[in-house]
Amino acid sequence: MSDKANIGVTGLAVMGRNLARNLARNGQRVAVHNRHRERTDELITRFGDEGKFLATGSLRELVDTLERPRRLVIMVKAGTPTDAVIDELVPMLDSGDVLVDAGNANFTDTRRREAALIDRGVHFVGAGVSGGEEGALHGPSIMPGGSTDAYRELEPILRSIAANVDGTPCVTHVGADGAGHFVKMVHNGIEYADMQLIAETYDLLRKVLGREPAEIAETFRRFNTGRLNSYLIEITAEVLGHVDSRTSRPFVDVVLDQAEQKGTGRWTVQNALELASPVTGIAEAVFARSISGQPRLRADAAGLPGPSTEPVVDAPERFVADVERALYASKIIAYAQGFDQIQAGSETYEWNIDLGAIATIWRGGCIIRAEFLDRIRAAYDQTSGPAGLLADDDFREALGEAQDSWRRVVATATAAGVPVPGISTALAYYDTVRAQRLPAALIQGQRDYFGAHTYRRTDLAGVFHTEWSADRSEHED
Ligand code: NDP
């Protein structure tokens with residue numbers, strides 16, 4: 001056996017260290033490097049006996065320690081640090097080497113980096129990795145982009161470290177150049193939407209029914225035994241059931257209610273605007289976090305009047321069942337929107353992404369892992385039309401069954417003054433796409449009135465304009 005490593009990792013903070021350990025535990029010979037040597041030494045001291053590690057003190061040494069073609073994973077802070085590492089590494093690499101950026105890069109950066117390296121013959125692979133530090137160690141969901149040649153070099157290694165569901169590793173070649181980071185970005189956007197919907201559900205049970213966090217934790221535990229079964233519902237029950245040791249109060253009551261964000265949700269919405277892909281659930285989730293993080297606005301607005309009467313719910317258990325249905329229906333919409341964005345990106349950037357394969361690799365390892373993804377995978381086996389998931393019989397049936405509950409929940413929340421931007425935008429989207437006539441006709445009239453922007457008619461071919469400020473005659477443009 002060669003004394004060289006068959007893969008290298010640079011960047012040994014929590015993600016890189018755990019990914020390197022995962023690789024070593026699965027039989028890879030892993031060369032490791034970090035800008036500051038301490039992290040490398042700590043990895044070897046604490047976990048060196050988990051597998052075959054080769055510690056290196058510089059990028060030059062790291063590159064020289066790898067067998068050819070070299071496979072090298074960058075797991076450093078996203079943005080300029082990634083560019084700095086690439087710039088230093090590239091002169092040391094040869095044609096055929098594979099450079100993987102497994103950090104949370106913006107896919108547009110990945111496209112730029114890949115294009116810059118093509119002429120040198122170096123394969124650049126932007127790989128989305130989801131599952132946080134535990135996922136990196138025990139099996140993440142991996143979304144690699146880049147060329148098929150590069151994927152061939154990486155596939156056996158990636159399959160050995162990915163999460164595994166029913167014998168299927170949670171990794172697939174997503175598509176060329178930035179496709180992997182694009183899909184990871186949308187994954188995170190969907191994660192934002194899902195978390196927001198769950199948080200609204202909690203808020204309703206708390207404020208409308210007056211239930212305590214521990215009771216609501218039990219409700220989520222029950223939800224988790226049904227069709228909502230997922231990692232996010234599971235951890236929600238854990239967080240709600242947790243009691244603060246300093247104050248003996250529910251943990252959720254002592255945490256500052258200002259949600260932070262690192263940017264992938266915002267990127268998802270920015271890109272959705274570019275693609276004209278209406279991810280309203282993700283957008284509301286991003287904005288809900290933004291509002292929560294504006295204490296001065298919230299303090300100023302705190303005295304604004306709310307509803308004049310308190311809501312009365314005569315059948316609390318029926319309301320809980322309504323909330324479960326509203327959550328499930330809203331979740332279908334949020335995921336449908338996210339997958340539609342992936343489809344739109346796939347068409348725009350010519351990636352030919354297999355949506356069913358994406359649902360398959362999200363079933364395990366990542367933050368949105370859930371039984372639900374199995375249903376999405378099955379749906380994409382059956383359908384590929386523009387209505388996406390909403391064309392699937394099972395989802396249509398679930399949305400049909402949820403109708404009255406979903407509307408009662410939005411009505412009750414509105415009457416009670418409890419904000420449910422995620423649940424209500426999902427319902428609004430649903431009602432918009434199913435409406436056979438939209439007030440867009442009026443908007444076209446307004447546009448023509450003030451800007452002579454023209455309109456098309458339902459009964460005649462062609463483009464028309466009305467002389468609004470003259471005799472209001474219509475002529476064909
Ligand atoms: P951080 O994002 O905190 O980055 C720290 C690492 O980056 C350290 O190894 C640090 O080296 C290195 N670094 C920073 N600047 C430079 C530079 N200019 N040159 C060389 N190295 C540099 O680490 P994480 O482990 O949290 O994340 C790594 C990547 O994985 C990021 O892109 C992140 O977005 C992504 N990610 C993180 C997840 C998470 O749950 N944390 C989940 C999924 C992806 P040094 O020790 O010398 O300072």
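Modeller: Here is a walk around the ligand, then along a helix beside it, with a few other spots at the end.

A word on the ground rules: this is a predicted model, in which local features need pLDDT of at least 70 and side-chain atom pairs count only at pLDDT 80 or more, while totals for chains, interfaces and linings use all residues. Residues are numbered from 1 along each chain as its sequence is written, and side-chain values use heavy atoms, with hydrogens and water left out.

Let's start with the shell. The ligand is surrounded by 20 residues, where being near means having a heavy atom within 4 Å of the molecule. The closest are Met15, Asn34, Arg35, His36 and Arg39. Sorted by class, the shell holds ten nonpolar, six polar and four charged residues. In that sorting, Ala, Val, Leu, Ile, Met, Phe, Trp, Tyr, Cys and Pro are nonpolar, Asp, Glu, Lys and Arg are charged, and the others, Gly among them, are polar.

The backbone takes part too. A polar backbone atom of valine 76 is 3.0 Å from an oxygen atom of the ligand, and for lysine 77 the corresponding distance is 3.1 Å. For valine 14, a backbone N or O atom lies 3.4 Å from a ligand oxygen. On its own the ligand has 890 Å² of accessible area, and the protein covers 77% of this; such areas come from the Shrake-Rupley method with a 1.4 Å probe.

Two helices, H1 (14-25) and H4 (80-89), each supply at least two residues of the shell. Helices here are DSSP runs (H or I) of at least four residues and strands (E) are runs of at least two, numbered from the N terminus.

Now follow H1 itself. H1 is largely enclosed by the rest of the structure, because nine of its twelve residues are buried. Buried means under 20% relative accessible area, exposed over 50%, and partly exposed in between, with a 1.4 Å probe and protein chains only. Among the buried ones are Gly16, Arg17, Asn18 and Leu19. After H1 comes glycine 27, with a positive phi near 90°.

Arginine 68 and proline 69 are joined by a cis peptide bond, with omega about -10°, and proline 69 sits in the loop between helix H3 (59-64) and strand E4 (71-74). In the loop between helix H15 (316-348) and helix H16 (355-361) you will find glutamate 350, a non-glycine with a positive phi of about 55°. Glutamate 350 is exposed, at 70% relative accessible area.

For a contrast, look at serine 130 in strand E6 (residues 123-130). Serine 130 counts as buried, at 3% relative accessibility. Its side chain makes a polar contact of 3.4 Å with the side chain of histidine 187. A polar contact is a pair of N or O atoms within 3.5 Å; within protein, one must be able to donate a hydrogen and the other to accept it, and residues adjacent in sequence count only if both atoms are side-chain atoms.
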